Amino acid sequence: MRKLAAVAFGAAAVLALGACAGEGAGGGGVEGGETLAPEDVLVGVSMPTQTSERWIADGEAVEAGLEELGYDVDLQFANDDIPTQSQQIDQMITNGADVLIIAAIDGTALGSQLDAAAAAGIPVISYDRLIRDNENVDFYVTFDNYDVGVQQATSLLQGLGILDADRNETGEEGPFNIELFAGSPDDNNATFFWNGAMETLQPYLDSGVLTVPSGQTDFEQAAILRWQQENAQRRMEDLLTSTYSDGTELHGVLSPYDGLSRGIITALQGAGMGPSLADGLPVVTGQDAEIASVKLIVDGVQFATIFKDTRLLAEQAVIATEAYVNGGEPEANDTETYDNGIKVVPSYLLESVIVVADNVEPALVETGYWTQEEIEAGQAD
């Protein structure tokens, strides 16, 4: 495979040559004046796991978008195993990938792979999870992760009745007892979610409208390694035993991901709470609009999720890849926020949406993300 770093001309010259040759967008890269045809482009796509429907959908969407441009795609899932992902990326480099799109399991564990990619002239696009502590991360596509955390906290406040649907304060003073969960400490996004959520909740914690009876308010205490549902369930069970066995009432749980939310709900229901919000189940938030959790929202069990339209994220990854293939640079809309410890990585950020029972249809059905039949069944076709 021809390596993109070997391009002899600047981006403007490349685009001009492509136009002269009758090549439109996706017309192929240029090396020494020679047009790189789409069928000569190989893109390695590394996704963290197939245990989450979200990552399966991401991988398939990225693959479909790249193949539509005529590129060859090597899509690999690493089953949440860091050595497996490292080996898969090594193999992609060996096989001559021209661009790498990587959603890292551990954002700090791919240093040698990034160095090898840079040595081979392969641009690296960090997908949704920022790859840290290495200068050889060329671009980042993601959502506004701090705002996702703000939305998670906002949905909790709405579920408790502290804020109304328009995010205005209702005058409700509580006090409400809540518990806090965070994502995996090796995922850079988890910190952004946490910071956005905690800065939103802090005024209510300071005023006493919200309290955390367990006292576990540090990220390290709340974090769930690898975003594992069973670990969230176990932690919730431990909290219920240690803090709520005396009859103290729990009103809400901040959860940053639907898989964790379902584990938390299982623990709550196992302790005799609910089984639904109408029956006294605590308000539980979420993220990713996974179909099983969307059904729980419609059924009045989980209160909310955050919808991140990963079709748009995949589209941006494809657009960024095409820019590199054409000898240019992807367009960033954020060049200040995402410092990976070595450099600020140019980024393209997308917006997300709070989904509750009242807006499932316009947010998820009318946009074609899920069908009504899938939601009623609680599983994807």
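I counted two cavities of 30 Å³ or more. The model is predicted, and I keep that in mind for each entry below.

**Entry 1, the largest cavity.** I looked up its volume first. The largest cavity holds about 40 Å³ of space. Which residues line the largest cavity? I listed Q152, F181, A182, G183, A190, F193, W194, A197, L254 and P256. Helix α6, residues 188-207, gives the largest share of this lining, with four residues. I then sorted the lining by class. Eight of its residues are nonpolar and two are polar, and no charged residue is present.

I stayed with α6 and turned to its partner α5, residues 145-160. How do the two helices cross? Their axes come within 7 Å and cross at roughly 40 degrees. An angle under 35 degrees would count as roughly parallel, and 65 to 115 as roughly perpendicular. The pair α5 and α6 is therefore oblique. I noted the hand as well: α5 passes α6 in a right-handed crossing.

Next I wrote down the contact residues. On the α5 side they are N145, Y146, V148, G149, V150, Q152, A153, T154, L156 and L157. On the α6 side they are N189, F192, F193, N195, G196, A197, E199, T200, L201 and Y204. By class, this contact has eleven nonpolar, eight polar and one charged residues. I also cross-checked against the cavity: Q152, F193 and A197 are among its lining residues, and they take part in this helix contact too.

I moved on to the open space. The largest pocket has a volume of about 400 Å³. How many residues line the largest pocket? I found 28, and S52, W55, R226, W227 and Y257 lie nearest its centre. Four helices each supply at least two lining residues: α2 (53-68), α6, α8 (229-243) and α9 (258-270). Of the helices, α2 gives the most, with three residues. By class, the pocket lining has six nonpolar, nine polar and 13 charged residues. I set that beside the lining of the largest cavity, which has no charged residues.

Helix α3 covers residues 82-94 and helix α4 covers residues 111-119. They pack at an angle of about 10 degrees, with their axes 10 Å apart. I therefore put α3 and α4 down as roughly parallel to each other. Which residues of α3 and α4 meet? From α3 I noted S86, I89, D90 and I93, and from α4 Q113, A116 and A117. This contact has four nonpolar, two polar and one charged residues.

How values were computed:
Residues numbered from 1 in each chain as written. Predicted model: local features only at pLDDT ≥ 70, side-chain atom pairs only at ≥ 80, totals over all residues. Heavy atoms only, no water. 1 Å grid on protein atoms, 1.4 Å probe; cavity = no way out; pocket = protein on both sides within 12 Å on 5 of 7 lines; lining within 4 Å. Points joined across faces, edges and corners; volume = space filled by probe spheres on them. Nonpolar A, V, L, I, M, F, W, Y, C, P; charged D, E, K, R; others polar. Axes fitted to C-alpha atoms, helices over the stretch in contact; angles between N-to-C directions. Parallel < 35°, antiparallel > 145°, perpendicular 65-115°, else oblique. Left-handed = near helix turned anticlockwise from the far one by under 90°. Contact = heavy atoms within 4.5 Å.
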